[in-house]
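Here is a short tour of a protein model, from its open and closed spaces to one of its helices and the chain as a whole. Have the viewer ready and follow along.

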Amino acid sequence: MKKVVKFGGSSLASAEQFQKVGNIIHADKDRRYVVPSAPGKRFSEDIKVTDMLYDCYRAAESGKDFSKKLQKIQARYQEIISGLKLELSLDEEFELIARNFKEQAGEDYAASRGEYLNGIVMANYLDMEFIDAAEVIFFDENGNFDEAKTDKCLSERLEGVEFAVIPGFYGKRADGVINTFSRGGSDITGSIVAKAVKADLYENWTDVSGFLVTDPRIIANPETIGTITYKELRELSYMGATVLHEDAIFPLRSAGIPINIRNTNRPQDSGTMIVESTCSKPKYTITGIAGKKGFASINIEKDMMNSEIGFGRKVLQVFEENGISFEHVPSGIDTMTVYVHQDEFQEKEQSVIAGLHRAVQPDTIELESDLALIAVVGRGMKRNRGTAGRIFSALAHAHVNVKMIDQGSSELNIIIGVENRDFEAAIKAIYDIFVTVCI
């Protein structure tokens with residue numbers, strides 16, 4: 001069996017955390033390829049190394065003396081090296097970084113050094129081969145990820161390499177300039193490596209024991225999701241549930257490689273398995289609940305709109321022309337409502353209203369702000385009758401007024417619109433009716 005393991009910043013914030021990681025890797029000989037992030041926070045008031053690098057580079061870019069800032073970053077790594085009792089010096093690396101900062105090598109280069117340096121430390125600690133991500137992860141001249149070239153090069157480079165450390169988050173463009181993925185991009189690197197080596201499993205180690213049914217800031221100690229499909233994960237991630245970088249899903253989904261979200265601080269926990277499909281029945285009717293505040297609705301009324309061919313297209317074209325994307329479009333016989341992000345819409349609302357009048361000549365247009373959308377997701381909803389009824393009943397009992405409900409044809413999710421002020425109460429009510437009463 002072949003496993004790729006990625007460790008987040010909190011898992012590598014100190015020598016103590018490194019030791020936990022070392023124990024995890026040595027406990028399973030199949031954990032062969034390691035993808036580290038940059039050191040994260042050691043305590044709540046601490047600063048992540050990536051943020052320290054950004055701050056240091058901006059000082060260099062503006063012509064200020066950045067030496068003390070860089071020394072603090074080096075001290076963070078030295079603390080880890082000393083704590084692990086390694087005979088390793090990063091002096092030459094930091095001298096090169098200082099020169100490149102002076103020559104303004106770019107913010108992407110600066111940010112990438114966190115993972116690069118941590119990769120060197122990790123490889124030394126584990127006695128594995130270090131492979132610079134810039135040698136195997138490629139972007140085109142516009143900064144777009146070059147999947148074909150990367151997959152070919154990475155597969156060839158790792159062929160015959162039994163154990164290796166490949167730092168996450170970055171690669172290089174065709175001109176040799178360092179390019180990074182978006183923040184949290186080490187998850188993406190891990191998935192790319194897993195696809196390239198045809199791994200049997202991609203383990204993503206972080207500081208939580210998998211995906212939770214809902215936000216722990218709203219529900220104290222929510223249940224952990226044992227198994228979730230890629231489709232369910234996509235729905236929950238889009239609505240704000242974050243444990244894994246969204247773009248990390250696609251390389252693995254195309255290769256049929258499962259993901260296991262694990263907790264570095266509790267390696268005994270089985271975590272969450274993310275799979276293409278599964279025969280296993282979910283523990284509850286729903287898999288998860290996620291949501292966001294800050295939406296506005298534009299309700300368009302016009303008698304006989306259902307008989308007007310192209311009415312919906314004309315409405316949505318007005319939003320497109322104003323550069324506004326829509327979230328949901330529930331409709332009735334004579335009504336059509338468009339849900340959008342409020343902050344995107346506010347400054348253009350009068351332009352949109354005028355555009356709608358020109359495009360479809362509505363009878364009335366009504367706006368409502370300060371709305372929240374909640375996604376109730378679960379493959380179990382297909383085989384359980386009355387899910388929507390239970391949701392409505394729970395919300396009514398909690399005195400939450402439902403502004404909108406939208407169920408996809410896949411029966412995988414139900415989207416509910418409520419007022420911002422009812423957001424937390426709505427999630428609590430839904431969690432209680434589907435999870436708490438079943439425990």
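Let's start at the second largest pocket, which is lined by 14 residues, with Thr-229, Ser-277, Arg-379, Lys-382 and Leu-412 lying nearest its centre. On a 1 Å grid over the protein atoms alone, a pocket is an open set of points with protein on both sides within 12 Å along at least five of seven lines, a cavity is a set where a 1.4 Å probe fits but cannot get out, and lining residues have an atom within 4 Å of a point. This is a predicted model, in which local features need pLDDT of at least 70 and side-chain atom pairs count only at pLDDT 80 or more, while totals for chains, interfaces and linings use all residues. Residues are numbered from 1 along each chain as its sequence is written, and side-chain values use heavy atoms, with hydrogens and water left out.

**The pocket**
- The second largest pocket holds about 290 Å³ of space, a volume being the space filled by probe spheres set on grid points that are joined across faces, edges and corners.
- Its lining divides into six charged, five polar and three nonpolar residues; Ala, Val, Leu, Ile, Met, Phe, Trp, Tyr, Cys and Pro count as nonpolar, Asp, Glu, Lys and Arg as charged, and the others, Gly among them, as polar.

**The cavity**
- The structure has one cavity of 30 Å³ or more, and the largest cavity has a volume of about 40 Å³.
- Lining the largest cavity are Phe-145, Glu-147, Thr-150, Asp-151, Ile-192, Lys-195 and Pro-251, which by class are three nonpolar, one polar and three charged residues.
- Helix H6 (147-158) and helix H7 (186-196) each supply at least two of the lining residues, and H6 gives the most, with three.

**Helix H1**
- Helix H1 (residues 15-26) reaches 16 Å from its first C-alpha to its last, close to the 16 Å expected for its 12 residues, where the expected span is 1.5 Å times one less than the number of residues.
- Its buried residues (under 20% relative accessible area, 1.4 Å probe, protein chains only) are Ala-15, Gln-17, Phe-18, Val-21, Gly-22, Ile-24 and Ile-25.
- These buried residues pack against strands S1 (3-7), S2 (31-36) and S8 (201-206), and against helices H3 (67-83) and H5 (107-126).

**The whole chain**
- The chain has 14 helices and 17 strands; these are DSSP runs numbered from the N terminus, with helices (H or I) of at least four residues and strands (E) of at least two.
- Buried residues make up 52% of the 439 residues.

How values were computed:
Buried < 20%, exposed > 50% of the residue type's maximum accessible area, 1.4 Å probe, protein only. Contact = heavy atoms within 4.5 Å.
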